[in-house]
Amino acid sequence: MQNVIKTVVFILLLSLSIEAQENRLTTSVSLVGMSMDYREYDANGKILDSEMSGFSEMLGVDMGISFLMHKTNNASTRLEANLITLTGDTDYVGSLLGSNNAYGSATSRTVNNIIDFDIKVIRTKLLTKALEINYLLGLGYHYWERQLFARQVEGYEWYSLRAGVGLGYRVNPKIKIATDLEYQYGFKHTMTSSYPALDVRLGSADIAKFSIPITYELNQNMNIIMAYVYEIQEISASNIQSALYEGTYQSFLEPQSTAKNQYIKIGVDFKY
């Protein structure tokens with residue numbers, strides 16, 4: 001996490017330097033509400049447990065910074081960095097660890113903290129005066145802390161290569177609507193647990209995102225920004241690891257899981 005913070009600071013300093021020379025800096029901040037639908041399954045596809053939330057239960061902030069690297073009459077290249085932090089409670093449905101009871105035999109509230117950071121290069125090309133296409137390549141980092149009980153805290157972490165494509169349409173001089181698709185290929189994917197004490201390697205992490213951002217220009221220096229995002233995560237099962245639990249060593253693995261999450265964002269961006 002310290003490396004992520006250092007990267008953010010470096011990007012901020014670099015972008016401020018470029019802004020001073022070329023006046024091409026944009027910063028943004030948005031409030032975010034997240035609807036979570038997370039489920040774990042056994043090897044036969046039978047559900048083991050789930051986490052659910054409404055948009056008002058998982059809240060956070062999306063902060064971004066962007067600067068123009070190159071521009072011609074019909075194309076431009078930007079470097080962007082975004083940091084999203086979310087926190088809140090979800091409804092847990094499952095069973096107690098080691099009980100062998102059925103799904104739904106245990107319910108509780110889970111405390112969650114999520115961090116997602118990325119840095120990407122975006123290439124935009126005008127197709128017509130109103131229509132544009134953009135491509136992106138980038139690197140990302142994702143961390144989800146899941147506190148099921150006071151002594152049972154799980155942390156899911158991975159890095160990712162990110163690629164995407166999108167179309168933007170200017171409805172009128174003030175309103176722009178876009179649709180974006182993004183795929184994230186995860187690597188160095190791990191799950192840690194405080195009890196039992198585990199540090200396992202997840203089999204894979206594949207994420208797909210579809211978003212509809214809308215921009216309304218207030219003036220030359222400020223826009224209102226809104227977005228709806230739908231995200232699908234597919235995580236395959238981990239390796240098996242032995243750990244001490246309730247006085248004896250037992251074998252554990254993190255099961256395969258899916259998440260179908262939705263986000264609503266509303267905020268402002270500032271052009272300098």
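Here is a short tour of the model, stop by stop, with something to select at each one.

Before you click, note that this is a predicted model, in which local features need pLDDT of at least 70, side-chain atom pairs count only at pLDDT 80 or more, and totals for chains, interfaces and linings use all residues. Residues are numbered from 1 along each chain as its sequence is written, and side-chain values use heavy atoms, with hydrogens and water left out.

**Stop 1: Asn112.** Select Asn112 in strand β6, residues 106–126 (strands are DSSP E runs of at least two residues, helices H or I runs of at least four, numbered from the N terminus). Asn112 is buried, at 0% relative accessible area (buried is under 20%, exposed over 50%, partly exposed in between, with a 1.4 Å probe and protein chains only). Now show Thr90: its side chain makes a polar contact of 3.0 Å with that of Asn112 (a pair of N or O atoms within 3.5 Å; within protein, one must be able to donate a hydrogen and the other to accept it, and residues adjacent in sequence count only if both atoms are side-chain atoms). The backbone oxygen of Thr110 also sits 3.0 Å from a polar side-chain atom of Asn112.

**Stop 2: the core.** Hop to Met36, which is in contact with Asn112, Ile114 and Trp144, among others (contact means heavy atoms within 4.5 Å). Met36 is also one of the residues with the most contacts inside the largest nonpolar core, a set of 20 residues (such a core is made of buried Ala, Val, Leu, Ile, Met, Phe, Trp, Tyr and Cys residues joined through side-chain atoms within 4.5 Å). Colour β10 next: its 4 residues are the largest share of this core. Apart from this core lies another, of 6 residues, including Leu25 and Phe117.

**Stop 3: Glu51.** Strands β2 and β3 run antiparallel, joined by 5 bridges (strands pair if DSSP finds at least two bridges between them). Select Glu51 in β3 and you'll find Tyr38 opposite, while in β5 the bridge partner of Glu51 is Tyr92. In the β2 and β3 hairpin, Gly45 takes a positive phi near 85 degrees.

Stop 4: Most residues other than glycine have a negative phi, and most peptide bonds are trans. Select Asn100, with a positive phi of about 60 degrees, in the loop between β5 and β6. Asn100 is exposed, at 79% relative accessibility. Then try Lys188, at about 50 degrees, which sits in strand β9. Finish on the cis peptide bond between Tyr195 and Pro196, with omega about -5 degrees.

How values were computed
Lists of a residue's contacts leave out its neighbours within four places in sequence.
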